[in-house]
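Dear colleague,

I am handing over a structure that may be new to you, and below it I have set down what was found in it. Please read the notes with the structure open beside them.

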Amino acid sequence: MRLGRLKCLPVLAFGLLSLFFSSTLFAQHGEGHEPAPGGHDVKEEAKFNPGKEMLDHVADAHEFHFFTLKGENGHDTHVTLPLPVILYSPERGLDVFMSSNFQHGHESYKGYKLVDHHIIPVKEGTMEIDENVKVYDFSLTKNVVQMFLALIVLVLILTSAAKKYIAGQGRTSAPKGMQNAVESVVMFVRDDIAKPNLSHKYKKYLPYLLTLFFFILINNIFGLLPGSANVTGNIAFTAVLGIISLIAILLSTNKHFWGHVFWFPGVPVPVKLMMLPVELLGVFSKPFALIVRLFANMTAGHIIILSFVSLIFIFTEMTKVAGIAFTPVSVAFAVFIYVIEILVAFIQAFIFTNLTAVFIGQAIGDHHYEEANH
Amino acid sequence: MSLLTPGLGFFFWTLIAFIVVFLLLKKFAWKPILKSLNEREKNIADSIASAERVKAEMAQMQSENEALLAKAREERGQLLKEAREMKDKMIAQAKDEAKAEANKIILDAQAAINAQKMAAVIDVKNQVGKLVIEVAEKILRKELAGKEAQEAQIKGLVDEIKLN
């Protein structure tokens, strides 16, 4: 019991800190947008702005930014890996070039400029925004590139495991190495996600559920690598997966399911009418909850780690001694959250896949499920 | 908040990536992996089933063996019993035969003894008769050696007859 209470202490401390910190974070972020893009205040620039820094780290970008060397008289050297920019505009056509042409937002190129990671069309040769031109940004941003890398690794791991199975290992003998790791996850998805929720129809949905699980898991893990992009904590990423889930759910619905939605059985007519919008909303709110859950969990994890690291800089700005003294505490908390994040990477992949399976199971309207509910 | 507005480019690439990865993995990973896993599970299930069957067969064979053994034991008992009966019968028969033979021998021996006894008795009788005659002859000869003795004898005999 005593140990348990002691364990609670860091959690409590962390909770209070993050609560305190999150409110200041957004406050500062709100202020961060206030200065006009043109008016660079040197004093503001020099001051450490944790809100902006953190959001910069979790947001998408057109380059992999490693670090910045502070130069003399405001000339900083950014050490980055530029990525290709692909733009399509109905007025100007397709444009493909490297993001290094923007000089980190200081210059325009081919009639475009980069402001806060967004590409905005400008009048040729100037920095003035062109309101008449609409542009669609299909750039290979750092999220896209990292996702592709992660997926290449994923496909290589899984196909190499599959090759071993084809060669016979694991079919009659025990699986080995990476194959073993893959197998245990595959078995988990099959036996603990697909089978309980989809009963005898699980085989049809298993490839989708497996792909979904591994797709989220590998991107979660890659997102945890130091200096990497926050792929799964991006709303576009989770939106795609959520929309695919919605399509999968809708494709597996039947008469029984829609009967339930539009004319709820077993209740008086006025209640049926009341239930209709609720049930209809439920169809769409389920995948929406999936989208927001994954996004919020992964982003929150990253922000908490960044917060702890930022604390070092905040304290250093007060006094150097405070910064140095706080460093071990901050690092310890960051490591603690990092370890939890590794757990969360697996848990979120599981939750997303499991809930998708549950929703598909509801849509199929399996008789076992229906009986259990009445 | 830029954080909450999905970027078109990333949305597009994620969609493409998911579909491509799904198709790739479905064909090149899930199919062989799931097939192998099913195969292995089926294999294991079959092995367990066949082991169960063999066990059942073994149990059946054992019970059969036991039945056979019991039968054999019974047969052996029967055989032993029969043999014992046969032995007793043979012994009894032999005893009877031996007794009969002995009786016969005894009877024969008795008959022979009787015959010999009778012969001996007859012989003795004959011998005794002869001896009696000889003795009587000798006595008579000695008694009737004088004339007067002879006459006295005759006279005696005559006396005896005279009364008749």
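Which residues in α4(A) meet which residues in α5(A)? Please bear in mind throughout that this is a predicted model. From α4(A) come Ile157(A), Leu158(A), Ala161(A), Lys164(A) and Tyr165(A), and the residues they meet in α5(A) are Met178(A), Gln179(A), Val182(A) and Glu183(A). Sorted by class, this contact of α4(A) with α5(A) has six nonpolar residues, one polar residue and two charged residues.

As for how these helices are placed, α4 covers residues 142-167 of chain A and α5 covers residues 177-198 of chain A, and their axes come within 9 Å and cross at roughly 100°. Because angles of 65 to 115 degrees count as roughly perpendicular, α4(A) is roughly perpendicular to α5(A).

Elsewhere in chain A, Gly323(A) has its place in helix α10, which covers residues 320-364. Gly323(A) has a relative accessible area of 1% and is therefore buried, the cut-off for that word being under 20%. If its neighbours within four places in sequence are left aside, Gly323(A) is in contact with Ile312(A), Phe315(A) and Thr316(A), while its C-alpha atom is separated by 8.0 Å from that of Leu311(A), a residue 12 residues apart from it along the chain.

Turning to chain B, an unreviewed UniProt entry places the feature "transmembrane region" at residues 6-25. In the model, that span of chain B is 90% helix and 0% strand, and its end C-alpha atoms lie 26 Å apart.

Terms used: Residues are numbered from 1 along each chain as its sequence is written. Chains are lettered from A and ligands numbered from 1 in the order in which they are written. This is a predicted model: local features need pLDDT of at least 70, side-chain atom pairs count only at pLDDT 80 or more; totals for chains, interfaces and linings use all residues. Side-chain values use heavy atoms; hydrogens and water are left out. Axes are lines fitted to C-alpha atoms, for helices over the stretch in contact, and angles run from 0 to 180 degrees between N-to-C directions. Helices (H or I, at least four residues) and strands (E, at least two) are DSSP runs, numbered from the N terminus. Angles under 35 degrees count as roughly parallel, over 145 as roughly antiparallel, 65 to 115 as roughly perpendicular and the rest as oblique. Contact means heavy atoms within 4.5 Å. Ala, Val, Leu, Ile, Met, Phe, Trp, Tyr, Cys and Pro count as nonpolar, Asp, Glu, Lys and Arg as charged, and the others, Gly among them, as polar. Buried means under 20% relative accessible area, exposed over 50%, partly exposed in between (1.4 Å probe, protein chains only). UniProt positions are given in the numbering used here, feature names are shortened, and annotations may be inferred rather than shown by experiment.
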